[in-house]
Each structure stands twice: as structure tokens, then as C-alpha cells.
Amino acid sequence: SKVFIPQPGRILELQGPRSVLYCRSSATDNLPIVDFPFKFLIESFSVDDILLLLKCVLLEGQLLLISEHRHCLTMTAELLVALPFPFQWQNVYAPILPPSRNQSDMLEAPVPFIMGLQVPCSDPSKASRETLNLET
């Protein structure tokens, strides 16, 4: 048997015994624009860690990224948001939290989030959630 995939922009109607299913493939120009290479994620994390991060994003968890380097925080956060395409992250997204005394208040938010915290590696205790250190 063959699987039919509709041409980009076209809708395929599948008639089932009880319902009708409509399928549409994305146009190639609808792919997410990512300015960072996915190679960074693959080289920085193990397969298990990447799957854990993807699971957290798909289940809309609270994900706190910690690094000394802003570029690591930004790249990782951007790639994690693009990774589950065609799904889109619709929750709180702050790849780098601004320095303030109220950071702990932001981390106690009762909503899903992806946030980045720039702290020295010698002080990972500033995080109040389970974290995956970006320094490898």
C-alpha cells in the first residue's frame, strides 16, 4: 500500500468509517527560521539529554537553562523552541533572564517556561528546579 502526501498547500481528504480526516503538508517556506546550527545541540548534549529536553518542551514543563555564556543560553533556547516543529512554544520564553533581585520570583511562576540564567558554573545552586548544565 502507498501513503499519499499532498503537495504543499493542498489538502487531502481521507474518508473513514465514522469521520473525515483532512491532511495538509506544510509549504517549504513555512519551515522554522533558525539562525543557529542544530549541530551545537548534538555536540553539547547526549542523545538522552536531547530527548529529555524535547520531552520537557513537548510536555510544557519548566525548563531552566544555566550557563556562564550568553551565547550558549541563546543558542540552546532557540534550538529547543525550533526542535519540535511543527509545534510551537506558546508559553513564557526568556532565553536570558535580566539580572535582578527578583529572579527567584520569576522562577517560581506556576506556568511552563523556558528561561536562561547566566551564573558562574561554580554557583549552580541559584537554580531552584532540576537543571541540565550547558557546560560540557
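Modeller: Strand E4 (residues 92-94) and strand E5 run parallel and are joined by three bridges, and in E5 the bridge partner of Ala94 is Met115. This is a predicted model, in which local features need pLDDT of at least 70 and side-chain atom pairs count only at pLDDT 80 or more, while totals for chains, interfaces and linings use all residues. Residues are numbered from 1 along each chain as its sequence is written, and side-chain values use heavy atoms, with hydrogens and water left out.

Biologist: What makes E4 and E5 a pair?

Modeller: Two strands pair if DSSP finds at least two bridges between them, and E4 and E5 have three; strands themselves are DSSP runs of at least two residues, and helices (H or I) of at least four, numbered from the N terminus. Strand E3 (residues 62-67) also pairs with E5 in the parallel sense, over six bridges, one of which has Leu65 partnered with Gly116.

Biologist: Why is strand E5 called mostly covered?

Modeller: Five of the six residues in E5 (residues 113-118) are buried, where buried means under 20% relative accessible area, exposed over 50%, and partly exposed in between (1.4 Å probe, protein chains only).

Biologist: Why is Tyr22 called exposed?

Modeller: Tyr22, in strand E2 (residues 20-24), has a relative accessible area of 55%, and the cut-off for exposed is over 50%, so Tyr22 is exposed.

Biologist: How do you know that Glu43 and Lys39 form a salt bridge?

Modeller: Their side chains meet at 3.7 Å, N to O, and a salt bridge needs a side-chain nitrogen of Lys or Arg within 4 Å of a carboxyl oxygen of Asp or Glu.
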